[in-house]
Amino acid sequence: MSDDLSKRVEQAAQGITPQTKPDERRRYLGSLRERVYVRMNNTEVKDPELTSLFLKHIDDFKGYTILINGNITDDGFLGEVEAACSKKNIPFTLVNNETAKTGPEDSAVLVVSKNAINRQRIEITQVYAPEMPKTELKAPEKKESFWHKLLHGEK
């Protein structure tokens, strides 16, 4: 305990401040989970329906900052997000440090707040449910009653 305290005092004297929740910061591109509004992983970025869903709701992100994983290989999506952010005056940051990983479940795009917002659901498919395909309901077939069949005969 006293070793930790003396180490902390020594680091503070050198101007080094310990980072809070380092594992969480690595997962969320340097931010914290409590600040995330919407998250897309590297697999979801390659889905055209989800990317168009994200861009469709870009106006919802005013007042937030968009963090983009600079190591993802899909330049088309990056360009679209950057152009939309520039057009709508939404700040964005390309993250190219050790937190920007390229695994399928790693974060590709995050919409984050400066303060904690503590949203329970942050995945894009949870925040904005994709539109379901519209199907027409067929009217149920009208069955003839027993008496109708008996009196009028079967067709």
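**Entry 1: ground rules and the core.** I began with a definition: a nonpolar core is a set of buried Ala, Val, Leu, Ile, Met, Phe, Trp, Tyr and Cys residues joined through side-chain atoms within 4.5 Å. Buried means under 20% relative accessible area, exposed means over 50%, and partly exposed is in between (1.4 Å probe, protein chains only). A note to myself: this is a predicted model, where local features need pLDDT of at least 70 and side-chain atom pairs count only at pLDDT 80 or more, while totals for chains, interfaces and linings use all residues. Residues are numbered from 1 along each chain as its sequence is written, and side-chain values use heavy atoms, with hydrogens and water left out.

Which residues have the most contacts inside the largest nonpolar core? I found F54, F61 and I66, in a core of 26 residues. Strand 1, helix 3, strand 2, helix 4, strand 4 and helix 5 each give two or more residues to this core. Helix 4 gives the most, with five residues. I took helices (H or I, at least four residues) and strands (E, at least two) as DSSP runs, numbered from the N terminus.

I then listed the contacts of F61, meaning heavy atoms within 4.5 Å. Leaving aside neighbours within four places in sequence, F61 touches Y37, V38, F54, I66, I90, V111 and Y128. I also came across a second, separate core of nine residues, including Y28, V36, V95 and L110.

**Entry 2: aromatic rings.** Next I paired rings of Phe, Tyr and Trp (its six-membered ring) with centres within 6.5 Å; planes under 30 degrees apart count as stacked, over 60 as edge-to-face and the rest as tilted. How many aromatic pairs are there? I get four by this rule. Y37 and F61 are edge-to-face, because their ring centres are 6.1 Å apart and their planes stand at 75°. This pair links distant parts of the chain, with Y37 in strand 1 and F61 in the loop between helix 3 and strand 2 (65-69), 24 residues apart. F61 is buried at 0% relative accessible area, and Y37 is buried at 14%. F54 and F61 make a tilted pair, 5.1 Å centre to centre with 35° between the planes. I noted one aromatic cluster made of Y37, F54, F61, Y64 and F77.

**Entry 3: charges.** I counted a salt bridge when a side-chain nitrogen of Lys or Arg lies within 4 Å of a carboxyl oxygen of Asp or Glu. That gave me two salt bridges. E123 and R39 meet at 3.0 Å, N to O. E123 lies in the loop between strand 4 (107-112) and helix 5 (124-127) and R39 in strand 1, so the pair ties together parts 84 residues apart in sequence. Are these two buried or exposed? Both E123 and R39 are buried.

K88 and D59 meet at 3.2 Å, N to O. K88 is in helix 4 (residues 75-88) and D59 in the loop between helix 3 and strand 2, 29 residues apart. K88 is partly exposed at 29% relative accessibility, and D59 is partly exposed at 40%.

**Entry 4: an asparagine in a loop.** Last, I looked at N42, in the loop between strand 1 (36-41) and helix 3 (48-56). N42 counts as buried because its relative accessibility is 6%. Leaving aside neighbours within four places in sequence, N42 has contacts that include N69, I72, K101 and D106.
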